[in-house]
Amino acid sequence: MSTYNGAAYLKEQIDSLLSQTGITLDIFVRDDGSTDDTYDLLMEFEKKYHCINVKKGSNIGYKKSFLQLITSTPDSYDYYCFADQDDVWDKYKICAAIKEMQKTHSESYVSALEYVDSNLNHIRKRDYPDRDITLNSVFCRMRYAGCTLVFSKKIFEECKKVINDNKFTFDIPHDQYVLSICLATHNKIFLDHNTYIKYRRTGNNITAGGKTILDRVRYELNNIIHDSHLDDFAKYLTKSDNIRDSYLMLCEKYKENLIKKLQLIKRTFPSTGNFLLGFEASLKILLGTF
């Protein structure tokens, strides 16, 4: 868990994590330079519960904060997952995910989730009907909520290796890292249409889903002009002996000429499952910021 000025809802989330049934868990938290009472609350939790481990850091943003957590967390666990600071988890959330992974021989898991307001009142269910999780779709936009993600030790170790090798070079969210590496290494991801998490949307969330319309427009425009360096990420992945993927090879070389850009658009656009996201991905490809 990465925290930042989350004191208002942190206790509810910590309590829901501690209430998980059927598993034994440890919680690793990195505070990303909070200026409210978040860090003090975390220290109280750490003193009270031996399974909570807290690290104080400077403000580097949620992407790098989560990546630092991956590199600093021990590789002695069977499964790993990400947690936001302001949600509330059903007590069967992790256990249900592990059962599905074991049953389907999957190395990663994502699920639907329930949008709620600040008082946990239902807003809507966010699901992904008729969606296939492919490398193409994950590269063009991370649409699956990272807080629903559970992944195996095998994927965790591979992600840690990639992050350490590249010193945080790729500007990719932690959850996109995990799913991309899982798919690139030909491992299976299970998509659960059930929901085990109340995903609190307060208007102050770090991710785009909790922002105003104007903020969301600014976010999308910035996303278009900001270089995600997915070509560099693809180039790194294709160096691996066990990765031979035509989409990665095309992504790696798309900046070379217009023909390759158009080829990448043709492979990417249908994978988004959304016209606007497809249009945005196409712009990024044409601008060379994909």
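Entry: I started with Lys-255 and Asp-227, whose side chains meet in a salt bridge at 3.3 Å, N to O. For the term I use a side-chain nitrogen of Lys or Arg within 4 Å of a carboxyl oxygen of Asp or Glu. Lys-255 sits in the loop between helix 10 and helix 11 (258-268), and Asp-227 in the loop between helix 8 and helix 9, so the pair ties together parts that are 28 residues apart in sequence. My helices (H or I, at least four residues) and strands (E, at least two) are DSSP runs, numbered from the N terminus. Asp-231 joins Asp-227 and Lys-255 in a network of salt bridges. I also looked up the cover on Lys-255: the residue is partly exposed, at a relative accessible area of 37%. I call a residue buried under 20% relative accessible area, exposed over 50%, and partly exposed in between (1.4 Å probe, protein chains only).

**Entry: ground rules.** A note to myself: this is a predicted model, so local features need pLDDT of at least 70 and side-chain atom pairs count only at pLDDT 80 or more, while totals for chains, interfaces and linings use all residues. Residues are numbered from 1 along each chain as its sequence is written, and side-chain values use heavy atoms, with hydrogens and water left out.

Entry: How many salt bridges does the count come to? I get ten. One of them joins Asp-165 to Lys-161 at 3.1 Å, N to O. Both residues lie in helix 6, four residues apart, which is about one turn of the helix. Asp-165 counts as partly exposed at 45% relative accessibility, and Lys-161 is partly exposed with a relative accessible area of 45%. Another salt bridge links Asp-215 and Arg-218, with their closest N and O atoms 3.5 Å apart. Here the two residues share helix 8 and are three residues apart, again about one turn. Asp-215 is partly exposed, at 31% relative accessibility.

**Entry: a nonpolar patch.** I stayed with helix 8 (residues 213-225), where Leu-221 lies. Leu-221 makes a nonpolar surface patch of about 320 Å² together with Ile-213 and Val-217. Patch members have over 30% relative accessible area and no salt bridge; like charges are joined within 9 Å, and nonpolar side chains (Val, Leu, Ile, Met, Phe, Trp, Tyr) within 5 Å. The areas come from the Shrake-Rupley method with a 1.4 Å probe, and for residues only the protein chains shown count as cover.

**Entry: helix 9.** Is helix 9 (residues 230-238) enclosed or open? Seven of its nine residues are buried, so helix 9 is largely enclosed by the rest of the structure. Among the buried residues I listed Leu-230, Asp-231, Phe-233 and Tyr-236. The buried residues of helix 9 pack against helix 5 (135-140), helix 6 (153-166), helix 7 (174-184) and helix 10 (246-253). Contact here means heavy atoms within 4.5 Å.

Entry: Most residues other than glycine have a negative phi. His-229 is in the loop between helix 8 and helix 9 and is partly exposed at 28%. Leu-120 has a positive phi too, near 70 degrees. Leu-120 belongs to the loop between strand 6 (108-116) and strand 7 (122-126), and its relative accessible area of 23% makes it partly exposed.

**Entry: cysteines.** I looked for disulfides, meaning a pair of cysteine sulfur atoms within 2.5 Å, and the count is zero. The sulfur of Cys-81 is 10 Å from the closest cysteine sulfur, in Cys-147, too far for a bond. Cys-95 is in no disulfide either, as the nearest cysteine sulfur, that of Cys-81, is 12 Å away. Cys-81 is partly exposed at 32%, whereas Cys-95 is buried at 15%.

**Entry: the whole chain.** I counted twelve helices and nine strands. The radius of gyration is 19 Å, close to the 19 Å that the globule rule gives for 290 residues, so the chain is as compact as a globular protein of that length. That radius is taken over C-alpha atoms, and the rule is 2.2 Å times the number of residues to the power 0.38. Of the 290 residues, 51% count as buried.
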